[in-house]
Amino acid sequence: PDLDAIRKLLLLEPRGYPCQNANYVLPPTGQHPTAAYGVVIAEQGLIYPAMSGHNMICVATALLESGMVQMSEPVTAFDLETPAGLVKVEAKCSHGKAVQIKLRNVPSFCRPEDMDVEVDVPGGVGRLSLDVAYGGMFYAIVDAAQLGLDLKPSNGREICRLGEMIKVACREQHPVNHPEFHYPGCDILVFTDSQ
């Protein structure tokens, strides 16, 4: 069966919108005996991240506040299984609510061959340097000063436009994959401000 049809049903129009994600909570596989649940994340554009911090915070909160994971105040600790591995959750709880979620992510890394990567970005942008790092997803990290880009809300449209163009150029010109399982990237672009 086409299980991606569920992602499309939930995330694409008329129900969804471009920034929406879906989190599937499943029984754990047994590979990690301490896992309370397994989690698969679905995003737009046929992306199934191996791990995503903000999605895990949402899942942990929902599991606690729905009673699927028994809440103990002031702190509840439990594990979630993701395609990238085990994520440890520590939740500060008060009056039946999860008020703070801390995660111990899967191993993250930066490889020397993914630092100071030169890519040609079309549309008049030109050549620029970026770094690629993994933290559950592959991130292309770009100093906005290379583009003369001021990271402020009024430049939001241009930040998004350039970010997508750079991310695609990185994916095409410097494809990466996780060394332990099949997970190609890059998925996310992060602009930094050197000031």
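This is a predicted model: local features need pLDDT of at least 70, side-chain atom pairs count only at pLDDT 80 or more; totals for chains, interfaces and linings use all residues.
Biologist: Which strands form the open sheet, and in what order?

Modeller: The sheet has 5 strands in the order S1-S2-S3-S4-S5, and the pairing is mixed. Strand S1 (22–26) and strand S5 (97–104) stand at the edges, each with a single partner strand, so one side of each has no neighbour in the sheet. From one strand to the next, the twist averages 35°.

Biologist: In what sense do S3 and S4 pair, and over how many bridges?

Modeller: Strand S3 (residues 75–82) and strand S4 (residues 85–94) pair in the antiparallel sense over 8 bridges. Together they form a hairpin with 2 residues between them. Asp79 has Lys88 in S4 as its bridge partner, and Val75 stands opposite Lys92 in S4.

Biologist: And how many bridges join S4 and S5?

Modeller: S4 and S5 are paired over 7 bridges, in the antiparallel sense. The bridge partner of Val89 is Leu103 in S5. These two strands also form a hairpin with 2 residues between them, and His95 in the turn has a positive phi of about 55°.

Biologist: Which strands does helix H1 lie across?

Modeller: Helix H1 (residues 4–11) lies across S1 and strand S2 (35–42), and it runs at about 135° to S1. Helix H2 (residues 53–66) packs on the sheet as well, touching S1, S2, S3, S4 and S5. The direction of H2 makes about 135° with that of S5.

Biologist: What is Phe191 in contact with, leaving aside its neighbours within four places in sequence?

Modeller: Phe191 is then in contact with Val142, Ala144, Leu147, Leu149, Leu151, Ile159, Leu162, Gly163 and Ile166.

Biologist: Now the pockets. How much space lies in the largest pocket?

Modeller: The largest pocket holds about 550 Å³ of space. Its lining is made of 19 residues, and Cys19, Glu164, Lys167, Asp187 and Ile188 lie nearest its centre.

Biologist: Which helix gives the most to that lining?

Modeller: Helix H3 does, with 6 residues. Helix H3 (156–173) and strand S12 (188–192) each supply at least two residues of the lining.

Biologist: Let us turn to the loops. Is Val106 buried or exposed?

Modeller: Val106 counts as buried, because its relative accessibility is 4% and buried means under 20%. This residue lies in the loop between S5 and strand S6 (109–110).

Biologist: What surrounds Val106, apart from its neighbours within four places in sequence?

Modeller: Val106 is in contact with Met51, Thr82, Ala84, Gly85, Leu86, Val87, Tyr134 and Gly136. Met51 is 55 residues away along the chain, and the C-alpha atoms of Val106 and Met51 are separated by 7.9 Å.

Biologist: And Glu180, is that residue buried or exposed?

Modeller: Glu180 counts as exposed, because its relative accessibility is 70% and exposed means over 50%. Glu180 lies in the loop between strand S10 (176–177) and strand S11 (184–185).

Biologist: How far apart are Glu180 and Ala84 in sequence and in space?

Modeller: Glu180 and Ala84 are 96 residues apart in sequence, and from C-alpha to C-alpha they are 9.4 Å apart in space. Ala84 is also among the contacts of Val106.

Conventions:
Residues are numbered from 1 along each chain as its sequence is written. Side-chain values use heavy atoms; hydrogens and water are left out. Contact means heavy atoms within 4.5 Å. Two strands pair if DSSP finds at least two bridges between them. Helices (H or I, at least four residues) and strands (E, at least two) are DSSP runs, numbered from the N terminus. Axes are lines fitted to C-alpha atoms, for helices over the stretch in contact, and angles run from 0 to 180 degrees between N-to-C directions. On a 1 Å grid over the protein atoms alone, a cavity is a set of points where a 1.4 Å probe fits but cannot get out, and a pocket is an open set with protein on both sides within 12 Å along at least five of seven lines; lining residues have an atom within 4 Å of a point. Grid points are joined across faces, edges and corners, and a volume is the space filled by probe spheres set on the points. Buried means under 20% relative accessible area, exposed over 50%, partly exposed in between (1.4 Å probe, protein chains only).
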